[in-house]
Amino acid sequence: MVQRFLHNGAMNFLVLHGVNLNMLGQRDPAHYGHATLADIDGALQALADDLSVQLQCWQGNQEGALCERIHQAHRDAVDGVVINAGAWTHTSVAIADALAILRCPVVEVHLSNIHAREAFRQHSHIARIAAGQICGFGVDSYLLGLQAAVRLARARTRTRT
Ligand code: DQA
């Protein structure tokens with residue numbers, strides 16, 4: 001059964017952070033900057049408030065746990081998903097397949113410009129199911145990603161009514 005969990009009628013978005021992103025702030029600042037995951041989630045919550053949408057942020061280091069969180073997002077009928085899958089971007093057909101189950105827009109984000117890095121980072125399994133990809137803008141990649149997801153979700157609602 002599809003359950004919608006709406007608070008005050010607001011749309012509901014989910015930001016997913018994959019493997020090793022809990023280590024931001026201590027990890028390769030030349031590529032990922034100095035912001036911690038808590039800083040990023042705080043900036044996203046502030047933007048969600050400005051946009052009058054509900055937001056949940058989730059991070060995990062187990063691939064199966066991320067697939068299960070995506071399945072939960074399907075049951076919850078979230079309105080949009082922003083995902084930085086970290087290294088799983090380049091390796092995980094399973095995560096891309098789980099995302100493909102969702103009926104809402106999915107926006108792929110990365111802090112670094114994956115296309116300007118090692119060859120193995122230049123392929124994304126998620127790109128085939130994402131509405132689009134934003135990378136290379138540090139924390140702003142997430143903020144732009146949430147804005148894009150909200151715009152896409154609102155446009156879909158308008159075309160349905
Ligand atoms: C990343 C890029 C990936 O290649 C890397 O494995 C990460 C972070 C980014 O945000 O730039 O963990 O997704």
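Hi everyone, let's start with one leucine: setting aside neighbours within four places in sequence, L146 is in contact with F13, L44, L47, A48, L55 and V82. Contact here means heavy atoms within 4.5 Å.

Before going on, a word about the source. This is a predicted model, where local features need pLDDT of at least 70 and side-chain atom pairs count only at pLDDT 80 or more, while totals for chains, interfaces and linings use all residues. Residues are numbered from 1 along each chain as its sequence is written, and side-chain values use heavy atoms, leaving out hydrogens and water.

Now, which residues touch the most other members of the largest nonpolar core? They are F13, L24, I40, L44, L55, Y142 and L146, in a core of 24 residues. A nonpolar core is a set of buried Ala, Val, Leu, Ile, Met, Phe, Trp, Tyr and Cys residues joined through side-chain atoms within 4.5 Å. Buried means under 20% relative accessible area, exposed means over 50%, and partly exposed is in between (1.4 Å probe, protein chains only). At least two residues of this core come from each of β1 (12-17), α2 (37-51), β4 (106-110) and α6 (139-160). There is also a second, separate core of 20 residues, and V19, L66, W88 and L99 are among them. In soluble globular proteins, nonpolar side chains tend to be buried together.

Let's step back to the whole chain. You can find six helices and five strands in the protein. These are DSSP runs numbered from the N terminus: helices are H or I with at least four residues, strands are E with at least two. Starting at the N terminus, the order is β-α-α-β-α-β-α-α-β-β-α. The radius of gyration is 15 Å, close to the 15 Å from the globule rule for 161 residues, so the protein is as compact as a globular protein of that length. That radius is taken over C-alpha atoms, and the rule is 2.2 Å times the number of residues to the power 0.38. Of the 161 residues, 45% are buried. And among contacts between residues at least 6 apart in sequence, 76% join residues at least 24 apart.

One last stop: the loop between β1 and α1 (29-32), where N20 is found. Phi of N20 is near 75 degrees, a positive value in a residue other than glycine. D28 lies in the loop between β1 and α1 as well, and its phi, near 40 degrees, is positive too.
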